[in-house]
Amino acid sequence: MPQTASEASPSVEEAFSRGDDSALSAAYRAYGGLVYTFCRRTLDEARAKDVTQEVFVSAWKGCRRYEPAKGTLAGWLIAIARNRIIDNVRSERRHSDRRAGGDIAEIPVEAQVERIGDRLMIAEALRCLPDRARRVIAMHYFDDLTHQEIAQRMSMPLGTVKSDLRRGLAQVRRQLESAHG
């Protein structure tokens, strides 16, 4: 039976925190797409590729600071990416404002990047959930169904629906908390 990302991640995360030789490529395979997608939502393609590379280089240099017990590797990488994106956007704005001879316009870059990061982390956290828990959460929050309606549609006991919802949301919360340090 194939492993889900959440089942495979702890070994990647632990290996990464120890600085094991194969851990960087495993982390990139597991989370490179997530980090690049986050970067690409705010930056042009070339800058997104550069910032994605910077994130993994920076993470690898600081791999011993990553502590799996405090949060997921995806969350830690997204936090690094968030800072790199904000720095990159600010730097580009300073340079473009100097070239144009104008004042630096203060647009709330942090809030925009934060929202994008949160959306991607929620999507990643949902993706890592077992299928049944993901369906229960989607039916409750996106389809606006009650616990009883979900239980009827999925032919499950009401207590199982409530347990899946509670455990799934707890897992999503842990992943989001790890992204926010």
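Which residues in H6 meet which residues in H7? Arg-132, Arg-135, Val-136, Met-139 and His-140 of H6 meet His-147, Ile-150, Arg-153 and Met-154 of H7, where contact means heavy atoms within 4.5 Å. The model is predicted, with local features needing pLDDT of at least 70 and side-chain atom pairs counting only at pLDDT 80 or more, while totals for chains, interfaces and linings use all residues. Residues are numbered from 1 along each chain as its sequence is written, and side-chain values use heavy atoms, with hydrogens and water left out.

| Class | Residues in the contact of H6 with H7 |
|---|---|
| nonpolar | four |
| polar | two |
| charged | three |

The largest nonpolar core has 33 residues. Such a core is a set of buried Ala, Val, Leu, Ile, Met, Phe, Trp, Tyr and Cys residues joined through side-chain atoms within 4.5 Å; buried means under 20% relative accessible area (1.4 Å probe, protein chains only). Helices H1 (5–18), H2 (23–40), H3 (45–61), H4 (73–100) and H5 (109–128) each supply at least two of its residues, and the largest share, ten residues, comes from H4. Helices are DSSP runs (H or I, at least four residues), numbered from the N terminus. A second, separate core of 14 residues includes Ala-125, Ala-151, Met-154 and Met-156.

Definitions and conventions: Buried means under 20% relative accessible area, exposed over 50%, partly exposed in between (1.4 Å probe, protein chains only). Ala, Val, Leu, Ile, Met, Phe, Trp, Tyr, Cys and Pro count as nonpolar, Asp, Glu, Lys and Arg as charged, and the others, Gly among them, as polar.
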